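I opened the model today to look up how some of its parts pack. My notes follow below.

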Amino acid sequence: MKYISTRGHVAPQGFIDTVLMGLADDGGLMIPEKIPHVSAATLKEWSTLSYKELFLQIFSLYTNEEIPNEDLKEMVDKSYASFRSPEVTPVKQLNDSLYILELFHGPTFAFKDVALQFMGEFYSYVSKKQNKIIHILGATSGDTGAAAIQGVRGKEGIKICILHPHEKVSKVQELQMTTVDDKNVLNLSVKGNFDDCQKLIKEQFADLDFKSKHNLRAINSINFVRILAQSVYYFYAYFQIEQGDQPKKVNVSVPSGNFGNIFSGFLAKMMGLPIHKLIIATNENNILERFVKSGEYKPGEFKSTHSPSMDIQVASNFERYLYYFLGQDAQKVSAYMKNLQNDGEIVISAEDLVRVQNDFEAHGASNEEGLQLISTYKAEYDYLLDPHTACGVAAYEACNGEDEICISFATAHPAKFNEAIEQCDIEQAFPTEIEQLFAKPQHQLVIDHNKEEIVKELVAFYER
């Protein structure tokens with residue numbers, strides 16, 4: 001198994017080198033040279049495995065045995081030891097057609113923990129093996145930062161800097177990042193939006209001299225290991241659905257911002273997992289919905305919503321899908337991405353749009369629709385949705401067909417977004433871990449959206 005860039009100008013890499021590269025050196029994203037196919041017989045064998053056992057089986061198809069199995073198993077055991085559910089990602093049935101995959105049982109109560117707890121262990125492992133300091137640089141719309149920090153805080157050989165948009169994440173998301181006082185953690189609160197933060201991160205990784213000098217490593221979903229780790233729970237969730245003698249088609253509805261989580265499902269489907277529909281759920285920042293419905297990929301006006309982790313206009317992982325959509329033609333991908341950079345949009349033909357709609361369905365939920373669903377599902381099922389999960393349920397209601405089952409992803413615990421829950425006149429009990437955050441001092445640097453100033457702070461942190 002070798003890994004290549006979506007833009008075709010990086011020599012094939014092994015698994016560890018791919019993870020360490022993060023963003024491809026030619027500005028593209030790293031992908032497997034060939035997607036391994038899992039047979040129906042193997043899927044049946046996997047269906048009874050525990051989450052951790054399934055993780056090891058899937059990763060074994062991609063790692064080239066570069067990590068000894070006993071070392072990989074130890075990393076996986078450590079990664080999920082802090083999860084509050086022994087199943088890691090349990091599935092709850094709400095009605096005959098809707099199942100909820102709960103991805104919020106990790107230490108920061110969000111789906112990002114599932115991949116980032118492993119990435120923290122992986123980077124610590126590599127740092128020790130190579131005897132090198134690793135400098136992690138990432139941007140967050142709220143959940144990635146907290147999960148990444150939790151995964152590496154206090155670990156020797158690692159420093160992490162996270163940029164988040166100032167006052168554009170929920171209070172709990174902010175506190176989870178900024179109440180951490182470990183010396184290897186720096187929080188920069190940038191006066192801008194997530195796309196501003198993400199653009200700066202990509203620019204620093206594209207500066208190969210800077211990247212090499214400071215030994216930069218990526219924690220965002222531009223890193224393929226994030227995608228791979230997330231694909232595990234697609235398989236796991238599918239296997240939890242009890243089907244009778246007349247099995248129904250299984251759809252998956254995924255709250256989507258940066259396209260990484262939904263692309264993990266696309267990867268699982270390419271591997272052979274028989275998902276029927278991949279449903280993209282967005283909020284009012286609905287660039288992905290517009291693309292699926294009209295064929296136009298064009299950033300619109302940024303809107304702050306009740307689901308801030310999805311307040312994203314430029315979806316990084318869209319390029320990975322584009323690569324497969326364009327027949328794995330790296331030259332065409334480069335041309336499309338150049339069009340996006342120069343013209344601010346990608347537009348596909350009506351014929352090509354049909355192909356996209358064979359891969360995905362999509363629905364963008366308004367703030368009002370999300371709040372209404374939170375109230376409705378609390379009343380009807382006594383189940384409290386967070387606002388991102390509510391977008392996923394809205395997409396399920398809009399796109400799920402008769403005689404179809406849908407697994408909708410609960411990407412965060414509702415306590416992380418109490419501002420929205422309160423608008424529904426619902427009072428929730430906070431988990432102790434979240435309640436305690438409000439009494440802790442914060443540690444963050446509020447900084448203008450100024451590249452020179454941000455890089456200056458970054459270099460000072462990495463060099464001290």
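I call two strands paired if DSSP finds at least two bridges between them. Strands are DSSP runs of E with at least two residues, helices are runs of H or I with at least four, and both are numbered from the N terminus.

This is a predicted model, where local features need pLDDT of at least 70, side-chain atom pairs count only at pLDDT 80 or more, and totals for chains, interfaces and linings use all residues. Residues are numbered from 1 along each chain as its sequence is written, and side-chain values use heavy atoms, with hydrogens and water left out.

**Entry 1: the sheet.** I looked up β4 (residues 98-102) first. Strand β4 pairs with β14 (residues 404-410) in the parallel sense, over 5 bridges. Leu 98 stands opposite Cys 406 in β14.

Then I traced the open sheet. Its 6 strands run in the order β3-β4-β14-β9-β10-β13, with mixed pairing. The edge strands, β3 (91-93) and β13 (360-364), each pair on one side only.

**Entry 2: two helices.** Which angle do α3 and α10 make? Helix α3 (residues 51-60) and helix α10 (residues 224-240) pack at about 130°, with axes 10 Å apart. Axes are lines fitted to C-alpha atoms, for helices over the stretch in contact, and angles run from 0 to 180 degrees between N-to-C directions. The contact (heavy atoms within 4.5 Å) includes Tyr 51, Leu 54 and Phe 55 of α3 and Val 225, Leu 228 and Ser 231 of α10.
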